[in-house]
Amino acid sequence: MKNRVQIVILSIIISLCFVSPAFGTAPLPSFTDVSPQDWFAPYVTLCAETGLMTGTGENTFDPSRELTLTEALVLTARLHAKLSGDELPSYSLPEDPNDLVRICDQSGAQVGNFSDIQITRLDTRESMFLCFGDTLMERVGPQAQLTLTIDVRGLGYYSSFRNRFQEKAFVHQSLGYEEHLDKSGELERGYLFAQEEDDLWPLLMGLTHYLESNGDFYRSMVNNWWRDENLYLTELAAEGAITDPLSALESAWTADEYLLYLAHTEGRTWEELAQLDQEEFLSWPCYRGDLAAFIWAVTGPEHCPPLYDQTPPDTELEAAAALYQAGVLTGVDAAGSFYSLGHLTRAQAAAVLSRILDPTL
């Protein structure tokens with residue numbers, strides 16, 4: 001009898017080893033700076049297991065480091081993909097930004113790029129003459145049937161293209177070879193291309209300005225770690241599937257206001273401030289209101305239904321109030337103040353994301 005009791009007790013002990021972690025401590029996250037006793041340990045574990053957040057290198061999570069706008073956008077993209085059952089696409093951008101414009105022959109082979117277009121001249125509202133360099137003309141000749149494809153994915157978050165167009169690439173067919181004499185009497189040789197709703201001219205002119213003023217950002221973007229998430233959000237916003245997260249950013253200062261702040265606090269000259277690009281902007285801190293705007297842009301009430309009637313007393317931002325009522329972002333003091341301009345740590349961001357993934361939290 002005694003042996004049977006011992007066997008039963010042993011069986012119960014063995015069974016308890018396989019039950020939910022709710023009966024014991026949370027599993028130890030695989031980060032050297034996250035302990036099971038830390039308040040954020042279960043949130044970090046959930047975010048790591050679902051792939052929403054990863055470490056910062058050398059097996060660390062940096063829970064107390066401030067969240068940046070770049071990280072917030074990446075988390076927003078991953079959250080949307082997770083909730084939608086999507087796989088984040090892997091984008092391939094050309095090393096040379098001139099290849100955002102591809103000139104192809106009738107076989108589909110690329111014979112030139114943006115650098116081969118020496119002069120652009122608007123011909124009519126329905127078509128546009130493009131003057132090609134002699135080298136390209138020697139390759140294709142006057143009888144070729146050419147296609148001009150303009151890929152707008154690599155033009156950055158602040159490009160006007162993402163607000164103006166929904167397509168990822170524009171394809172224009174050649175209407176035929178033409179020759180013109182310019183004002184100096186020089187011969188211009190090239191092709192006439194069809195326009196659709198007069199879009200070819202602003203695309204090419206916008207690309208010219210972009211490469212002249214911001215080409216360095218494109219070259220850094222080709223291989224940066226947040227490229228795929230950035231373009232994923234860009235395309236979703238262009239398709240109208242979500243609100244553009246950056247356009248929804250309304251809680252913190254604008255880029256211009258931040259430039260003024262840098263000018264006063266760091267003594268930067270206007271020439272230095274003019275060199276700031278999107279990459280530096282996205283390295284700025286993410287505030288509580290920022291993260292609320294980003295999350296609400298991709299979730300909405302479907303994934304963050306209201307659980308409480310209270311609203312934060314210190315803000316009227318829709319995103320802040322909605323996530324406050326959903327219990328995703330909470331108050332920071334006894335009055336329940338939301339504090340939109342408060343900084344967020346990576347640990348706090350993990351808690352916010354976890355509450356969306358698992359509403360029981």
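Hi everyone, and thanks for coming. Please keep in mind that what we are looking at is a predicted model.

Let me start with the cysteines. A disulfide is a covalent bond between the sulfur atoms of two cysteines. How many disulfides does a search of the whole structure find? It finds zero. Two cysteines can still be described by their surroundings. C131 has a relative accessible area of 4%, so this residue is buried. C104 comes out at 12% relative accessibility and also counts as buried, because the cut-off for buried is under 20%.

Now to the rings. A pair of aromatic rings is described by the distance of the centres and the angle of the planes. The search of the whole structure turns up six aromatic pairs, and I'd like to show you two of them.

Buried or exposed, F31 and F61? Both are buried. F61 has another neighbour to point out: R346 lies over the face of its ring, 4.4 Å from the ring centre. While we're on arginines, the charged end of R355 sits over the ring of Y43, at 5.8 Å from the centre.

My other pair is Y177 with Y191. Here the centres lie 5.8 Å apart and the planes are at 70°, so the pair is edge-to-face. What about burial? Y191 has a relative accessible area of 0%, so it is buried, whereas Y177, at 24% relative accessibility, counts as partly exposed. These two tyrosines also belong to one aromatic cluster, together with F132 and F193.

Let me finish with two helices. Helix α11, residues 288-298, packs against helix α12, residues 318-325, with the axes 8 Å apart and an angle of about 80°. The two helices are therefore roughly perpendicular to each other. Which residues make the contact? From α11 they are A292, A293, I295 and W296. On the α12 side we have E318, A319, A320, A322 and L323.

That's my tour, and I'm happy to go back to any of these spots.

How values were computed
Residues are numbered from 1 along each chain as its sequence is written. This is a predicted model: local features need pLDDT of at least 70, side-chain atom pairs count only at pLDDT 80 or more; totals for chains, interfaces and linings use all residues. Side-chain values use heavy atoms; hydrogens and water are left out. A disulfide is a pair of cysteine sulfur atoms within 2.5 Å. Buried means under 20% relative accessible area, exposed over 50%, partly exposed in between (1.4 Å probe, protein chains only). Rings of Phe, Tyr and Trp (its six-membered ring) pair if their centres lie within 6.5 Å; planes under 30 degrees apart count as stacked, over 60 as edge-to-face and the rest as tilted. A charge sits over a ring if NZ of Lys or CZ of Arg is within 6 Å of the ring centre and within 35 degrees of the ring normal. Axes are lines fitted to C-alpha atoms, for helices over the stretch in contact, and angles run from 0 to 180 degrees between N-to-C directions. Helices (H or I, at least four residues) and strands (E, at least two) are DSSP runs, numbered from the N terminus. Angles under 35 degrees count as roughly parallel, over 145 as roughly antiparallel, 65 to 115 as roughly perpendicular and the rest as oblique. Contact means heavy atoms within 4.5 Å.
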